Number of protein chains: 2
Amino acid sequence: MLREDVTEAIRAAVFEELAAVGFARMSIEGIARRAGVGKTAVYRRWKSKLALVLDLITAVAAEGAPAPDTGSLHGDVRALLEVAAAALSHPVASQVVPDLLVEAARHPEIADAVRGALLDGRQGVAARIVRAAAERGELPEGADPDRALDLVLGPLYWRLAVVRTPVPDGYLDDLARSAIAALTA
Amino acid sequence: MLREDVTEAIRAAVFEELAAVGFARMSIEGIARRAGVGKTAVYRRWKSKLALVLDLITAVAAEGAPAPDTGSLHGDVRALLEVAAAALSHPVASQVVPDLLVEAARHPEIADAVRGALLDGRQGVAARIVRAAAERGELPEGADPDRALDLVLGPLYWRLAVVRTPVPDGYLDDLARSAIAALTA
């Protein structure tokens, strides 16, 4: 394998191991086995599984997600829900994200990285959506983007990552309408 | 120690160990050490850490939480948020619940027990609140209790268990008002 291919194989193996066994049980041995490389190939690149996971989360964060700009609050909220639902329905993400959030409560470095990768991006997107809506007069000036995120993503996260029951047809449309009613209450 | 005191000490130790190291890393040794008892005292009562945790979750479920009955949808939603916020702000619960939800995705037995302990109770409470509100004409007949739970508890869980940022004064009042606007949208 080329050096870049080895790095890529290790990265893919980490996500798969995280999903399969979780951060606590994950080992460098398990990652190397799944990637089809030797342990030293992993240790040459990252000094520990924590360093490895932090590096991966940071890379995901860098990809970012652009703020939707549909011209209406409903359109923007609907688009944000669509992206989040796709992410949360992905088998790897739906396992890895809640697991890392649990670890975040014990490891400040993971907390910072997860916050950077998952929350700062979302908060930035929410801030832009809320500001655009305020400029159009759809939300009051100075509306709180954190509150907006709670009301828009909270119900979706609860349903897809906590309760994990199937959502009925039209659920995202209904949620967008409900969230906007909540935002403007 | 009396036999009942030993059992109680083990139960308390399990919650503390779950909060401190999580289900994956928790061992019968660690539990016994924290409880100040021998390993055999644990094994005499429960055959594995999975059996132990399942038994504890089931006991918590049995305690249940009565449905609030304040006479108004706003009062009931506010009361439900109050109980959930207290539970999620508890250091043990805010660590143990997300951890067990992660394990639930890997162990069907944990999924069933967690569902029984955390969700069935909440869903029952939501069903009673929604039914009472429909009888008073505050919600349409046949309103979906699962949707109500998504809209009421989702934002709170997101804020307290995922984002983990402090909530401003009056947050629960605001959330109750927002959730009702969402419910009736």
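Contact is taken here to mean heavy atoms within 4.5 Å. On this criterion, in the predicted model, 43 residues of chain B are in contact with 43 residues of chain A. The size of an interface is often given as the accessible area lost when the parts come together. For chain B and chain A, the area buried between them is about 3,500 Å², and carbon and sulfur atoms account for 58% of this area. On the side of chain B, the contribution of B:Arg106, B:Asp150 and B:Trp158 amounts to 20% of the area that chain B buries against chain A, more than that of any other three residues.

The fold of chain A was examined next. Its secondary structure consists of nine helices and zero strands, and the order along the sequence is accordingly α-α-α-α-α-α-α-α-α. Along the principal axes, the C-alpha atoms of chain A fill a box of roughly 60 × 30 × 30 Å. The domain assignment divides chain A into domain 1, spanning residues 3–59, and domain 2, spanning residues 65–183. The C-alpha centres of domain 1 and domain 2 of chain A are separated by 28 Å.

The two domains of chain A also share an interface. It brings 10 residues of domain 1 of chain A into contact with 12 residues of domain 2 of chain A. About 970 Å² is buried between these domains, with 79% of that area given by carbon and sulfur atoms. Within domain 1 of chain A, the residues losing the most area to domain 2 are A:Ala19, A:Phe23 and A:Ile57, which together provide 48% of what that side buries.

Within chain A, helix H8 (residues 145–163) packs against helix H9 (residues 171–183) at an angle of about 150°, the axes being 9 Å apart. Angles over 145 degrees count as roughly antiparallel, and H8(A) and H9(A) are therefore roughly antiparallel to each other. Their crossing is right-handed. From H8(A), the contact draws on A:Arg147, A:Ala148, A:Leu151, A:Val152, A:Pro155, A:Leu156 and A:Arg159, while H9(A) supplies A:Tyr171, A:Leu172, A:Leu175, A:Ala179, A:Ala182 and A:Leu183. Classification of the residues in this contact of H8(A) with H9(A) gives 11 nonpolar, no polar and two charged.

In chain B, helix H5 (residues 73–89) and helix H8 (residues 145–163) cross at roughly 30°, and their axes come within 10 Å. Since angles under 35 degrees count as roughly parallel, H5(B) is roughly parallel to H8(B). The crossing of H5(B) and H8(B) is right-handed. In H5(B), the residues involved are B:Val77, B:Leu80, B:Leu81, B:Ala84, B:Ala85, B:Leu88 and B:Ser89. These meet B:Leu149, B:Val152, B:Leu153, B:Leu156, B:Tyr157, B:Leu160 and B:Ala161 in H8(B). By class, the contact of H5(B) with H8(B) comprises 13 nonpolar residues, one polar residue and no charged residues.

A further helix pair in chain B is formed by helix H1 (residues 3–25) and helix H2 (residues 28–35), whose axes lie 8 Å apart at an angle of about 120°. H1(B) and H2(B) are therefore oblique to each other, and their crossing is right-handed. On the H1(B) side, the contact is made by B:Ala9, B:Ile10, B:Ala13, B:Val14, B:Glu16, B:Glu17 and B:Ala20. The H2(B) side is represented by B:Gly30, B:Ile31, B:Arg34 and B:Ala35. Seven nonpolar, one polar and three charged residues make up the contact of H1(B) with H2(B).

Note on methods. Residues are numbered from 1 along each chain as its sequence is written. Chains are lettered from A and ligands numbered from 1 in the order in which they are written. This is a predicted model: local features need pLDDT of at least 70, side-chain atom pairs count only at pLDDT 80 or more; totals for chains, interfaces and linings use all residues. Side-chain values use heavy atoms; hydrogens and water are left out. Axes are lines fitted to C-alpha atoms, for helices over the stretch in contact, and angles run from 0 to 180 degrees between N-to-C directions. Helices (H or I, at least four residues) and strands (E, at least two) are DSSP runs, numbered from the N terminus. Angles under 35 degrees count as roughly parallel, over 145 as roughly antiparallel, 65 to 115 as roughly perpendicular and the rest as oblique. A crossing is left-handed if the near helix is turned anticlockwise from the far one by less than a right angle, and right-handed if clockwise. Ala, Val, Leu, Ile, Met, Phe, Trp, Tyr, Cys and Pro count as nonpolar, Asp, Glu, Lys and Arg as charged, and the others, Gly among them, as polar. Domain bounds come from an automatic or database domain assignment. Buried area is the accessible area (1.4 Å probe) that two parts lose on being put together, summed over both.
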